[in-house]
Amino acid sequence: MTQTTVTSTTSTTATTTPSGLRSLYLIRVVFSLIWVALVFTTSASLVSTDRTTVIAAVLLIVYPLWDAIATLLERRLAGTGSTKRVSTINMGLGLATTAGMIIAVFSTIGTALLVFGVWAFLSGAIQLVVAIRRRRTVGAQWPMAISGGQSVLAGATVAATSASATSSLSTVAGYSAFGAFWFLVSVIALSIRSRREKR
């Protein structure tokens, strides 16, 4: 009796987790695309020496905050396991970055880009770790691994060039667009894996 119940629960978790992740990833794609569109239409011309506008400030604060919220939702979908502690760290990082960005936006775009770059670097490293650990339980994590590695490189570049006169908010918009692409690829990869398992 007990053994049957455990098996059933495990099976349910295995099928609902990829489905939930696909839905969350699609939401993240939509959010990122809307965010990119708003940056390009309102703030892309702002360079490192400029003061942030109200719209740019809101966009820069909302992005890491949304990432922390999405990480919380993803943690609940994934359940317990080796990624739980890492997810907690990522949520804390997102909230700390949000607080740091609230301070940074009162300075220049360059300062805000520095904060954003450091956050992208660290969150990318965390995403890479989560993807590697989750590859056996969920599968189809290679897009997230690539996205995490790309975030590490992009974050390091944004932080290193944040004081450059040619650095602008369009840089982080490009970062977000690539992130949306890899989340979409992950949705497709998870869907393919799910269909294969049902055969």
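Modeller: Start with burial: a residue is buried under 20% relative accessible area, exposed over 50%, and partly exposed in between (1.4 Å probe, protein chains only). Keep in mind that this is a predicted model, where local features need pLDDT of at least 70, side-chain atom pairs count only at pLDDT 80 or more, and totals for chains, interfaces and linings use all residues. Residues are numbered from 1 along each chain as its sequence is written, and side-chain values use heavy atoms, with hydrogens and water left out.

Biologist: Okay, is Leu24 buried or exposed?

Modeller: Leu24 counts as buried because its relative accessibility is 4%. Across the protein, 44% of the 199 residues are buried.

Biologist: Where does Leu24 sit, and which residues does Leu24 contact beyond its sequence neighbours?

Modeller: Helices are DSSP runs of H or I, at least four residues, and strands are runs of E, at least two, numbered from the N terminus. Leu24 lies in helix α1 (residues 2-42). Contact means heavy atoms within 4.5 Å. Setting aside neighbours within four places, Leu24 touches Ala70, Leu73, Glu74 and Leu77. Leu77 is 53 residues away along the chain, yet the two C-alpha atoms are 9.2 Å apart.

Biologist: How many helices and strands are there?

Modeller: The protein has six helices and zero strands.
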